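Q: Hey, I'm new to this one. Can you walk me through it?

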Amino acid sequence: MQKNAKELAELASYTETAFNKKFKKVFGTTPYKWLNERKSTKIMYEITNTDKPLKQIAEEYDFNSQQQFNDYCIRNLKQTPGNIRNSG
C-alpha cells in the first residue's frame, strides 16, 4: 500500500501543513515529489528487472487503467512501460 503525504503527516502526528514544512526543511523537497520519485524508481525497477506483466505492475501500484499507467510512465520516466521494457 502506497502512503501519501497526508497519511504520513497523520502517522507523525502533525497537521499536513506542519508536516510539509518540516519535511521540506529536512529533505529539501516536498513530500509529494519525494514520494513520487520513490514510486518512479520502484516502477522502473519492476519494469526492467522482473518478468511481471505490465498490467500486473500497474495494478500493484494502484493505477486505474493501463492508459493511466502509460501516462504516468511517460510523464515521470519519459517512455511508455513497453518501450522501457523492450529497450532493456
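Q: Which residues are buried in H3?
A: Bear in mind that this is a predicted model. In H3, the buried ones are Pro-31, Asn-36, Lys-39, Ser-40, Ile-43, Glu-46 and Ile-47. They sit on the same side of H3, because they cover an arc of only 160 degrees around the axis.

Q: Why would residues three or four places apart point the same way?
A: An α-helix has 3.6 residues a turn, so residues at that spacing point the same way.

Q: OK, and what do the buried residues of H3 pack against?
A: They pack against five helices, namely H1 (5-11), H2 (16-27), H4 (54-60), H5 (66-77) and H6 (81-87).

Q: How about H2, what does it reach from its first C-alpha to its last?
A: H2 reaches 16 Å with its 12 residues, close to the expected 16 Å. Just after H2 comes Gly-28, with a positive phi of about 75 degrees.

Q: Switching topic: where does Lys-52 lie?
A: You'll find Lys-52 in the loop between H3 and H4. Its relative accessibility is 24%, so Lys-52 counts as partly exposed.

Q: Which residues does Lys-52 touch, leaving out those up to four places away in sequence?
A: Lys-52 touches Glu-46, Ile-57, Glu-60 and Arg-85. With Glu-60, the side chain of Lys-52 makes a polar contact of 2.8 Å.

Q: And how far apart in space are Lys-52 and Gln-66?
A: C-alpha to C-alpha, Lys-52 and Gln-66 are 14 Å apart, and in sequence they are 14 residues apart.

Conventions
Residues numbered from 1 in each chain as written. Predicted model: local features only at pLDDT ≥ 70, side-chain atom pairs only at ≥ 80, totals over all residues. Heavy atoms only, no water. Buried < 20%, exposed > 50% of the residue type's maximum accessible area, 1.4 Å probe, protein only. Helix = DSSP H or I, 4+ residues; strand = E, 2+ residues; numbered from the N terminus. Arc of directions from axis to C-beta. Contact = heavy atoms within 4.5 Å. Polar contact = N/O pair within 3.5 Å; in protein donor to acceptor, adjacent residues only side chain to side chain. Expected span 1.5 Å × (residues − 1).
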